[in-house]
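Student: Could we go through this structure together, with the terms set against their definitions?

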Amino acid sequence: MVIIYLNYVILPQILSHYITFSQSMSVHNSNRSFRFRQFEVFHDRCAMKVGTDGVLLGAWADVCGGTRVLDVGCGSGLVALMVAQRAPCATVVGIDIDRMAVGQAVENVARSPFADRVVCEVADVRAYAPAFLFDHVVSNPPFFEEDTLPPDKARMSARNASALPLAELLSSVSRLLQPAGSFSLILPVQTADRFVTRALAEGWRVVRSCIVWTTLRKPPRRRMLTLTRGHVGEVRQESLVLNAPDGSRSEAYAKLCGDFYL
C-alpha cells in the first residue's frame, strides 16, 4: 500500500465539509479566483468554488495515453484545465447543466494556454450525444445526501446526488466511454463503497483506488477511483493521509500538486 501525506486547509466561505487550498496555492482575489502556475480559475459565478476535491482529482486521475477526455460536471473548468495541462495531446470537453458556471468556464479556458484544446458547454450527461467516444472520463460529481442539502437551488444541483444520481452517471459514462477507456471520480468513502458494488455488478472493474484520510486517528474521508470495462491487471491500492504526524502539510502534498502551484 502506498501512503502519501497530504493536508487540507478550510476556506471559511465554503461549507465546512468542503475543503480548499487557500494556504497551499497563491490566491488572487480569493473571493473570485484561484491562480495556478499556468492558468487562473475565476469561480465567483459558480455554485461550487475551487476546492480540494476537484484539485485532487485533477492531479490524481489517470488521463495519459488518450486523445479525448470528458469532464462531467465541469463547473468553473478547474479539472478540465488541469487535465489539459497534464495531457498535452488530449482534447478535453467539459459539460455541466449550470449555464452560469459554464459561461465562466468558457472565459477561464479562453484566458488559459489550453484554449485550443478545451471546450466547455452546457449539457446534461444523461442526454449528451457527442459524435465520438472518449478515452477517459473524469468527474467530481454531486454526492451529498438529502440531509445535507445546500440552502439554494444552484448549490443543490452542484452538490447533491438528487441532481444526478450516481447510477445514472455510471450509465451515462458507459455510453460515452471507449470499451477500454477509464473513468475516474472522487466520492465520500461510504458512497464510494456503494458505487463500487453497483459498478462491479454492471461489468466495471476497479483498476486504481485511493483512500483519503484527514488523519489516521479519524475515519477516512474520501475515496478516489479509476474504473474500466477493459482488461484489468494489478489493482493499484493507495492511501492519502492529509496531515503529517506533526500536523503540517507534507512534502508529498506539494509533490502531488506541484505542477499547479505558483
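Tutor: The accessible surface of the protein comes to about 11500 Å², of which 53% belongs to carbon and sulfur atoms, the areas being computed by the Shrake-Rupley method with a 1.4 Å probe. This is a predicted model, in which local features need pLDDT of at least 70 and side-chain atom pairs count only at pLDDT 80 or more, while totals for chains, interfaces and linings use all residues. Residues are numbered from 1 along each chain as its sequence is written, and side-chain values use heavy atoms, with hydrogens and water left out.

Student: What share of the 262 residues of the protein count as buried?

Tutor: The share is 54%, where buried means under 20% relative accessible area.

Student: Why is helix 1 called roughly parallel to helix 2?

Tutor: The axes of helix 1 (residues 52-60) and helix 2 (residues 78-86) cross at roughly 20 degrees and come within 9 Å. Angles under 35 degrees count as roughly parallel, so helix 1 is roughly parallel to helix 2.

Student: Which residues of helix 1 and helix 2 meet?

Tutor: Gly54, Val55, Gly58, Ala59 and Trp60 in helix 1 meet Leu78, Val79, Met82 and Arg86 in helix 2, contact meaning heavy atoms within 4.5 Å.

Key:
Buried means under 20% relative accessible area, exposed over 50%, partly exposed in between (1.4 Å probe, protein chains only). Axes are lines fitted to C-alpha atoms, for helices over the stretch in contact, and angles run from 0 to 180 degrees between N-to-C directions. Helices (H or I, at least four residues) and strands (E, at least two) are DSSP runs, numbered from the N terminus. Angles under 35 degrees count as roughly parallel, over 145 as roughly antiparallel, 65 to 115 as roughly perpendicular and the rest as oblique.
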